Amino acid sequence: MPGSSAKDLKTACLVTGCAGFVGSHLTEALLGLGLAVVGVDNFFSGHRRNMAGFEAHPGFSFLEKNILEPEILARAVDIRPGLAHVFHLAAIVSVPYSLAHPDEVMAVNHQASVDLFDQARAMALASFVFAGSAAEYGDCESMPLAESDAGPNTRQTSPYGRAKYLCSRHVEQAGFGSSLRFFNIYGPRQDPGSPYSGVVSRFIDQGLSGRPLTVFGDGGQSRDFLFVRDSVRAYVAAAGLGRVPVLSGVFNVGTGTSTTILGLAEAVRRLTKNRAPLSFLPQREGDVRRSLAEVSRFERAAGFKAQTGLDKGLARTVAWARAQRGSA
Ligand code: UD1
């Protein structure tokens, strides 16, 4: 356990969900910036293998804890007295899982998040960045989705979306910290292993193993796909660790470009040389038809633009998935 040496007082961050797909990339980036990181995860959907690149880093400390435990922030400050930034990513990330387990999802994704935020605010930390979601907009008709399109009367299509919205609103009303409403993040380390996994990871896994890609519904539904590296850049900027001071409020983070699920399937089939016909399955409950980010607020506030287009991001993700198979 660190004592009170000068090194231990260096600026530190808490990353909840550090063993997750996005959290592990963020942790790596923060350590790369010379910051210390206390990571929290309970391996509900994260994996220890995602921490392989930084678990032994001298600036990294790990707490294997459920985010429902009340003392997490206090424990993190004990370990790293220089703790200044919180990145709260730990959540149950699946829309369909939330429909089957609404109480669990409200407890984890809403109540525990609000509690952690209130503690960070009471401690007057430098920043708190919450992982919001495009799911906060429900099945909104008008596209692209602007931040003001989610309000008290918005009906989210799942407890997942509802919980994320309630937290974002809490952050916004407090006037401290930010909620980044991410659209569909994809990239290396996204786990294809469950029926609830993100579509890009599932399609690539199916594509590389020569199986048919499973399309829910007619495939005409569309999403704004953001490469994971861009999501990390967004977190760093919102915490004031990039070129602009710390941000406050709610911001969409996407590319501003929409892709249909059929279009995605074709791109993945091409990259993976998959020749199996698509397999069409019933539409998924809680699915929204369209999702596209209006990105100008975050661009104005942080000078942020997504840098990696879908073609490049997919190619990198396929290359990573191929390498994983080779080393398995
Ligand atoms: C995703 C995220 C959610 C995030 C939201 C923001 C995941 C698991 N969920 O939800 O955390 O807040 O984006 O926009 O990453 N689909 C298929 N075949 C499949 C899998 C999915 O056709 O095998 C379709 C789905 O029906 C859906 C679309 O692909 O229409 C995207 O699904 P998914 O990747 O699960 O993401 P979202 O539900 O949009």
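**Group meeting: a walk through a predicted model**

Helices here are DSSP runs of H or I with at least four residues, strands are runs of E with at least two, and both are numbered from the N terminus.

Before going on, some housekeeping. This is a predicted model, in which local features need pLDDT of at least 70 and side-chain atom pairs count only at pLDDT 80 or more, while totals for chains, interfaces and linings use all residues. Residues are numbered from 1 along each chain as its sequence is written, and side-chain values use heavy atoms, with hydrogens and water left out.

Back to helix 5, residues 159-174. Buried residues of helix 5 include Tyr160, Ala163, Leu166, Cys167 and Val171; buried means under 20% relative accessible area, exposed over 50%, and partly exposed in between, with a 1.4 Å probe and protein chains only. What covers these buried residues? Among the covering elements are helix 3 (95-100), helix 4, strand 5, strand 6 and strand 11, where contact means heavy atoms within 4.5 Å.

Two strands count as paired if DSSP finds at least two bridges between them.

Now let's follow one serine. Strand 5 and strand 6 run parallel and are joined by five bridges, and phenylalanine 130 has serine 179 of strand 6 as its bridge partner. On strand 11, the bridge partner of serine 179 is valine 250. Strand 6 (residues 178-182) and strand 11 also pair in the parallel sense, over five bridges, and serine 178 is partnered there by glycine 249.

How many of the five residues of strand 6 are buried? Five of the five, so strand 6 is largely enclosed by the rest of the structure. Ser178, Leu180 and Phe182 lie on one side, Ser179 and Arg181 on the other, and all are buried. What about strand 11? Five of its five residues are buried too, so it is also largely enclosed by the rest of the structure. Here Gly249, Phe251 and Val253 are on one side, with Val250 and Asn252 on the other.

On a 1 Å grid over the protein atoms alone, a cavity is a set of points where a 1.4 Å probe fits but cannot get out; a pocket is an open set with protein on both sides within 12 Å along at least five of seven lines; and lining residues have an atom within 4 Å of a point. Points are joined across faces, edges and corners, and a volume is the space filled by probe spheres set on them.

A search of the whole structure finds one cavity of 30 Å³ or more, and the largest cavity holds about 30 Å³. Its lining is Ser113, Val114, Phe117, Phe128, Phe130, Cys167, His170 and Val171. Helix 4, strand 5 and helix 5 are the elements that give two or more residues to that lining.

The second largest pocket has about 470 Å³ of space. Of its 17 lining residues, the closest to its centre are Arg229, Val232, Arg233, Val236 and Gln307. Which element gives the largest share of this lining? Helix 7 does, with six residues.

Last stop: helix 8, residues 261-272, has twelve residues and reaches 16 Å from its first C-alpha to its last, close to the 16 Å expected. Just after helix 8, lysine 273 takes a positive phi of about 55°. Thanks, everyone!

Note on methods:
The expected span of a helix is 1.5 Å times one less than its number of residues.
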